[in-house]
Amino acid sequence: MMAAVMVVDQNPECKIVILEKNAYLGAKVLISGGGRCNVTTGIFDVKELLKNYPRGAKFLMTAMFRFPPEKVMEWFEEHGVPLKKEDDSRIFPVSDKGKDVVGALEKHLRTHGVEIFCNTEVKRIVKNGEQFTVTSKNGSKFISDAVILTTGGNAYRNTGSTGDGYAFAEALGHKLTQLGPSLNSLEIAEKWVGGLAGVSFTKAKLILGTYERTGAFVFTHRGVSGPAVFALSSYVAHETISAREPLQLTVDFFPNEKFETLEHRLFDLIQKNPKKNLANFLDILLPKSLCGVVASLSNIKNSVNAGELNKENRRAILHLLKKFQMTVIGRSGGEEFVTAGGVDLSQINTNTMESKICPGLYFAGEVLDVDGFTGGFNLQAAWATGALAGSSVSRPASL
Ligand SMILES: Cc1cc2nc3c(=O)[nH]c(=O)nc-3n(C[C@H](O)[C@H](O)[C@H](O)COP(=O)(O)OP(=O)(O)OC[C@H]3O[C@@H](n4cnc5c(N)ncnc54)[C@H](O)[C@@H]3O)c2cc1C
């Protein structure tokens with residue numbers, strides 16, 4: 001949609017069609033951000049922004065400088081979608097409605113004569129000489145000088161993004177990198193985790209294998225979720241995780257306090273609350289439902305009062321507060337937000353989004369080997385690469 005906006009704005013004479021297999025445009029954008037659509041990020045420094053892409057950061061540089069978050073915001077605000085900034089610099093429509101985002105794009109496209117064919121599933125893209133023939137499932141054929149392939153990834157397949165673009169890209173001679181799920185919850189082996197469902201932390205340090213992330217997370221019925229977990233899942237998108245090949249997850253519930261500082265605070269609290277039994281005492285430091293788990297993992301009898309804790313006991317508790325360990329045995333199946341991997345970036349011109357091996361073919365969005373963390377980064381990548389592809393197609397030399 002953003003690619004088509006740029007084509008029509010920069011080259012109004014160009015005849016543009018959008019082929020969409022769903023009955024309406026932007027199915028995934030409509031459900032993004034829980035229906036509120038975290039449309040982009042308030043991180044305006046492009047170098048900082050690019051740190052949020054585990055794959056594709058360098059490739060995105062030109063696209064992001066050309067169409068950075070502030071320009072994305074400007075575009076939507078100028079087209080009737082006032083925006084607001086929330087925690088972690090996430091940008092949402094003031095209305096909290098993703099449909100306003102899709103609506104603004106669709107209105108612009110329709111007003112400027114872009115033809116939108118919904119219920120039109122592309123089955124084949126073939127290049128004959130200088131031109132492309134795009135054939136849909138219902139047999140209609142579209143002949144064009146350029147094609148912008150924006151079929152998305154493979155996640156949340158019920159939105160229509162079923163990875164079709166990977167096959168089209170391959171058929172036109174492109175390589176794909178390994179595909180894998182990214183931005184998902186993690187499954188934990190320890191059974192007590194279910195009893196903690198809903199317990200959340202706004203800031204904890206999580207370490208998974210060689211990766212670490214400080215941020216919010218929440219316990220779920222089967223494991224852990226939330227922004228910090230999603231980011232870690234992104235780093236390990238291509239790693240095998242199973243009961244046979246588990247990963248160790250370590251949580252520091254007090255990332256702002258050094259071990260010694262927390263030890264002093266613990267000692268101080270013990271002196272102020274000597275008569276409290278272990279679970280009630282831990283309650284001062286941790287959410288209630290986690291206290292029982294920490295008490296039982298510390299192997300200290302719950303009948304022991306705070307004042308009776310010896311140095312070894314205190315160390316055991318501190319260890320659990322700073323290095324709480326869980327065993328990751330899987331990912332939440334089919335619930336990932338994005339696909340890691342995609343069309344190999346070495347075959348795409350980073351300044352135009354045009355294929356280096358199939359002139360006239362452009363790529364944008366999640367179909368590429370580009371993915372970001374949660375926080376508006378995936379849509380930002382889609383808007384920026386879409387805008388660059390659209391602007392490049394519009395140049396008469398490409399037509
Ligand atoms: C639940 C969920 C929430 C998310 N929330 C956010 C968020 O708040 N912020 C954020 O930045 N990112 C979010 N994302 C990720 C973001 O939505 C995607 O990365 C982004 O939509 C990718 O854009 P795209 O245009 O590349 O692909 P898509 O948005 O997936 O669009 C691809 C389109 O191509 C169509 N299509 C596919 N194959 C064919 C075919 N053969 N013929 C015709 N049409 C076809 C599909 O129907 C689809 O409409 C979320 C993802 C999910 C699943």
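Among contacts in the chain between residues at least 6 apart in sequence, 71% join residues at least 24 apart. The model in which these contacts occur is a predicted one. Its chain contains 13 helices and 18 strands, and the C-alpha trace spans about 85 × 45 × 35 Å along its principal axes. Of the 399 residues, 42% count as buried.

Attention may now turn to the ligand. A shell of 32 residues surrounds the ligand, and the closest of them are Ser32, Gly33, Gly152, Gly160 and Gly365. Two or more residues of this shell are contributed by each of the elements α2 (27-31) and α13 (377-394). Sorted by class, the shell around the ligand comprises 14 nonpolar, twelve polar and six charged residues.

Helix α13 also takes part in a helix-helix contact. Two packed helices are described by the angle between their axes and the distance between the axes. For helix α4 (residues 57-66) and α13, the axes come within 8 Å and cross at roughly 85°. Crossing angles of 65 to 115 degrees count as roughly perpendicular, and α4 and α13 are therefore roughly perpendicular to each other.

Which residues form this contact between α4 and α13? On the α4 side they are Leu60, Thr62, Ala63, Met64 and Arg66, which meet Ala381, Ala384, Thr385, Ala387 and Leu388 of α13. The residues of this contact divide into seven nonpolar, two polar and one charged.

Terms used:
Residues numbered from 1 in each chain as written. Predicted model: local features only at pLDDT ≥ 70, side-chain atom pairs only at ≥ 80, totals over all residues. Helix = DSSP H or I, 4+ residues; strand = E, 2+ residues; numbered from the N terminus. Buried ≥ 20, exposed ≤ 12 C-beta atoms within 10 Å, placed from the backbone. Contact = placed C-beta atoms within 7 Å. Near = placed C-beta within 6 Å. Nonpolar A, V, L, I, M, F, W, Y, C, P; charged D, E, K, R; others polar. Axes fitted to C-alpha atoms, helices over the stretch in contact; angles between N-to-C directions. Parallel < 35°, antiparallel > 145°, perpendicular 65-115°, else oblique.
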